[in-house]
Amino acid sequence: MAKIHVLVPNQELADYALQIIAEEKIESCSVQVIHTNAAVRTAREAIQDGANVIVARGLQADLIREYTKIPLVNISMTGQEVGLLVEEAKHLVQKDNPVIALIGHYTMFPDSSYMDEIFHVRLRFYTYEDRSRIETITQKAVAEGADLVIGGERVLKCMRQYPATQALFLRTREDSLRKALHVACKMVYTSQVEKENNAQFMTVLETVYNGVFKVDMQKIVTAANHAAAWILNQTEASFIGRRMTEVMPQLEESYLDRVLRGEREIMTTTLAVGRDSYMSSIAPIAYDGKIAGAIISIHKIPTGSSKSQDLFGDNLLLGYFSLGDFHKIETKSERMKQCIELARTYALSSGPVIIYGETGTEKELFAQGIHKNGYQKNSHYLTVNCSGMTEEQQIAVLFGKEDETGREKGALERAAFGTLLIRDIDELCLRCQYRLLRVMRYKVFMKTDIEEIPSMEVRLIATARAELAEKVMNGQFREDLYYLLNAFAIHLPPLRERREDIPGMVQNYFRQYNKKYSKRVSLTRGGMEELCNARWDGNALQLERFCERLVLTAHKRNMDEVWIRGLLRELYPKIETHGGVKSVVIYEPPEKEAIEQALARCGGSRQKTAELLGISTATLWRKMKKYGIE
């Protein structure tokens with residue numbers, strides 16, 4: 001079975017090839033003389049017989065390249081061969097400084113600089129990529145005064161129309177064949193190494209317990225192992241040729257994009273498949289400084305206890321389960337995307353997490369996402385809020401209490417083998433903080449201030465509105481508990497710092513409440529701008545409730561900025577205190593206040609105000625008219 005198949009148009013080239021093969025001791029190499037019209041058929045037969053590389057020249061190579069997919073080495077002429085042809089042409093023409101035209105495929109000719117001076121001729125090269133242009137190029141060479149034309153079979157056939165101009169067959173010799181065969185041998189070696197590497201790669205794939213996918217730069221799956229098929233309950237063959245986001249929609253596409261763009265050397269995240277949680281690692285395939293694809297590895301996150309697997313049904317009955325997940329957070333904000341990435345990473349650990357954020361931010365949704373992507377996924381998920389409680393009440397809620405009727409379990413015991421979310425942990429009393437530290441740090445549960453028993457496994461997630469560091473400085477929060485919590489901290493940006501998310505959120509809320517109340521309310525462009533520019537001190541919670549009120553009480557189909565501004569004034573008046581007396585100040589859009597302040601600073605000059613605000617005077621006038629500013 002020949003790995004290299006040499007196809008040449010004449011016996012002379014075949015003899016050269018056989019001589020080189022014998023001298024170089026090239027194994028698995030065959031030589032065949034063919035006519036051009038049989039080039040494609042012969043190449044396909046060679047491929048069926050196991051050829052890895054074909055060596056051919058000129059038009060024959062062009063046809064094989066177009067109609068087959070086998071690697072091909074083109075026999076390109078050397079400078080010495082061109083020189084020999086030029087000498088033969090000069091002898092035929094018998095003319096001083098003749099014009100000699102060489103016509104061939106663009107891959108055939110070497111650099112021929114200075115040959116005109118060396119041989120005292122005027123060489124003109126005519127190359128083509130499309131063989132259909134051979135006749136036109138031949139005609140052009142003759143028209144431009146060629147004394148002799150050198151070309152292949154097709155060119156010589158065309159030259160029969162021009163008997164006044166001599167023609168010479170474009171003959172290649174030993175040098176070009178030797179060079180082509182060397183290149184073919186290297187290609188066979190490279191192909192063999194690649195096959196061995198692929199075989200090794202597939203062996204590794206099939207002997208690891210992780211699910212593994214290989215994707216190219218277009219995110220198309222090119223390889224997958226049996227473990228990946230088992231995890232997704234499919235077959236390996238069903239993955240090949242499909243987009244990774246189609247195979248595994250749980251995988252965040254932007255993470256894969258960042259690895260393929262070279263922005264991250266490795267990306268680790270979590271994802272949920274059915275009732276199980278998996279860790280996923282994405283790493284680039286890189287060589288010679290370029291990225292050619294990525295390897296995606298997924299493996300199951302082990303459960304903390306076999307007991308947790310038995311709790312799924314109980315959780316549904318008791319209501320101790322999490323409904324939220326990260327895919328419910330739609331955002332265009334880079335800061336918010338970084339928070340999601342961080343939360344997915346924290347889900348891999350069993351360590352406590354602290355989520356900072358203002359009222360109405362997505363703190364609880366993040367907590368639910370961490371739970372659903374961690375090893376506690378099928379276990380209890382409980383939430384407690386200790387703000388506004390007395391010290392005794394907080395202890396009873398978290399650690400339980402005893403009375404004449406018996407002992408009542410606290411949240412920490414009810415959340416065993418699962419997750420406990422403590423909202424507003426910055427409001428927790430110091431006594432509770434100490435007990436909580438003992439549970440988290442030393443795995444002991446304090447039934448009383450002095451009685452300790454081994455605690456059951458529980459994952460703690462906490463939220464806070466204020467930075468715990470300030471509480472520590474003021475003596476209101478334990479320093480050791482602060483360091484235990486703050487290592488895994490997430491700081492959620494308020495809505496006013498990610499206004500690019502507001503249009504998408506508004507559209508989602510309108511879609512939801514239009515369906516709920518059987519309405520068809522929409523916003524004008526000005527109405528959307530008004531919502532985007534509002535304060536939203538209550539963040540997503542305030543925005544959602546406002547949109548529901550807007551849809552529910554709408555008296556017309558399209559809500560404009562005037563209607564929205566009026567409702568904002570009605571619902572969210574500003575309270576100011578002057579001399580100890582509180583008064584209601586009518587709500588004003590932030591943009592209006594900014595313009596009024598700028599006008600005051602500039603003494604009422606519109607030109608200076610526009611320059612200060614970075615807008616044109618026409619835009620300033622339009623905004624003043626919009627807000628009724630005199």
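Q: What is the volume of the second largest pocket, and what makes it a pocket?
A: The second largest pocket has a volume of about 490 Å³. The search runs on a 1 Å grid over the protein atoms alone, and a pocket is an open set of points with protein on both sides within 12 Å along at least five of seven lines, whereas a cavity is a set of points where a 1.4 Å probe fits but cannot get out. The volume itself is the space filled by probe spheres set on the points, with grid points joined across faces, edges and corners.

Q: Before going on, what kind of model is this?
A: It's a predicted model, where local features need pLDDT of at least 70, side-chain atom pairs count only at pLDDT 80 or more, and totals for chains, interfaces and linings use all residues. Residues are numbered from 1 along each chain as its sequence is written, and side-chain values use heavy atoms, with hydrogens and water left out.

Q: Which residues line the second largest pocket closest to its centre, and what makes a residue "lining"?
A: A lining residue has an atom within 4 Å of a point. There are 23 of them here, and E252, S254, Y255, I340 and R344 are the closest to the centre. Two or more residues come from each of α12 (253–260), β11 (267–273) and α15 (334–346), with α15 giving the largest share, five residues. Those element names are DSSP runs numbered from the N terminus: helices are H or I with at least four residues, strands are E with at least two.

Q: How does the lining of the second largest pocket divide by class?
A: Seven nonpolar, six polar and 10 charged. Ala, Val, Leu, Ile, Met, Phe, Trp, Tyr, Cys and Pro count as nonpolar, Asp, Glu, Lys and Arg as charged, and the others, Gly among them, as polar.

Q: What about the largest pocket: how much space is in it, and which residues sit closest to its centre?
A: About 780 Å³ of space lies in the largest pocket. Its lining has 26 residues, and K328, E362, L365, Y509 and E544 are the closest to the centre. The elements giving two or more lining residues are α16 (363–372), α22 (502–516) and α24 (539–553). Of these, α22 provides the largest share, five residues. By class, the lining comes out as seven nonpolar, 10 polar and nine charged.

Q: Which elements do the buried residues of α24 pack against?
A: They pack against α22, β23 (522–523), α23 (525–533), β24 (558–559) and α25 (561–571). Among the buried residues of α24 are L543, F546 and V551.

Q: What makes R565 and E530 a salt bridge?
A: A salt bridge needs a side-chain nitrogen of Lys or Arg within 4 Å of a carboxyl oxygen of Asp or Glu. The closest N and O atoms of R565 and E530 are 3.4 Å apart, and the pair counts as a salt bridge. R565 is in helix α25 and E530 in helix α23, so the pair ties together parts 35 residues apart in sequence. R565 is buried at 8% relative accessible area, and E530 is buried too, at 2%.

Q: How many salt bridges does the structure hold?
A: It holds 31 salt bridges.

Note on methods: Buried < 20%, exposed > 50% of the residue type's maximum accessible area, 1.4 Å probe, protein only. Contact = heavy atoms within 4.5 Å.
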